[in-house]
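I'm opening a page for this one and going through the fold piece by piece. Here is the thing I'm looking at.

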Amino acid sequence: MTDSTVKNASMIAEDTLIETKCTACGHIDNVPNWIIGELAEEDRISSKHGEVEIECPVCKGPMRRVR
Ligand SMILES: [Zn+2]
């Protein structure tokens, strides 16, 4: 009976932060990977070479994942 509860807890725990850096101003932000996954599905036009671009909160420039 507790199976579903354990499953939910482990799903929430998968909240890996992805470090992104603005290519325009150099602002660094940590974004949960599920946001990147959502953006990749919704906004395929702006994803180039498999990379998702996030809008920089400082200058509205493109932010990309830091390796
Ligand atoms: Zn910026």
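How many helices and strands are there in the protein? I count 2 helices and 4 strands, taking helices (H or I, at least four residues) and strands (E, at least two) as DSSP runs numbered from the N terminus. Before going on, I note that this is a predicted model, where local features need pLDDT of at least 70, side-chain atom pairs count only at pLDDT 80 or more, and totals for chains, interfaces and linings use all residues. Residue numbers start from 1 along each chain as its sequence is written.

**Layout.** I read the elements off from the N terminus as α-β-β-α-β-β. I also looked up burial (buried means 20 or more other C-beta atoms within 10 Å of a residue's own, exposed 12 or fewer, partly exposed in between, with C-beta atoms placed from the backbone). Of the 67 residues, 7% count as buried. Then I checked contacts (C-beta atoms, placed from the backbone, within 7 Å). Among those between residues at least 6 apart in sequence, 49% join residues at least 24 apart.

**The sheet.** I find an open sheet of 4 strands in the order E2-E1-E4-E3, with antiparallel pairing; pairing here takes at least two DSSP bridges between two strands. E2 and E3 (54-55) are the edge strands, each pairing on one side only.

**E1 with E2.** E1 (residues 17-22) and E2 (residues 28-32) run antiparallel and are joined by 5 bridges. I picked out two partners in E2: Asn 30 for Glu 19, and Val 31 for Ile 18. The two strands make a hairpin with 5 residues between them, and Gly 26 in the turn has a positive phi of about 85°.

**His 27.** I stopped at His 27, which sits in the loop between E1 and E2. Setting aside neighbours within four places in sequence, I have His 27 in contact with Cys 22, Cys 56 and Val 58. I also have the C-alpha atoms of His 27 and Pro 57 at 8.6 Å from each other, with the two residues 30 apart in sequence.

**E4 and its partners.** E1 and E4 also run antiparallel, joined by 3 bridges, and Thr 20 has Arg 65 as its bridge partner in E4. On to E3 and E4: I get antiparallel pairing over 2 bridges, with Glu 55 opposite Pro 62 in E4.

**Lys 60.** Which residue takes a positive phi in the hairpin of E3 and E4? I find Lys 60 doing so, near 65°, in a hairpin with 6 residues between the strands. Lys 60 is not a glycine, so I flagged the angle: most residues other than glycine have a negative phi. Lys 60 lies in the loop between E3 and E4 (62-65), and counts as exposed because it has 11 C-beta neighbours inside 10 Å.

**Helix H2.** Last entry: H2 (residues 33-42) lies across E1, E2 and E3, and runs at about 80° to E2. For that angle, axes are lines fitted to C-alpha atoms, for helices over the stretch in contact, and angles run from 0 to 180 degrees between N-to-C directions.

Methods. Contact = placed C-beta atoms within 7 Å.
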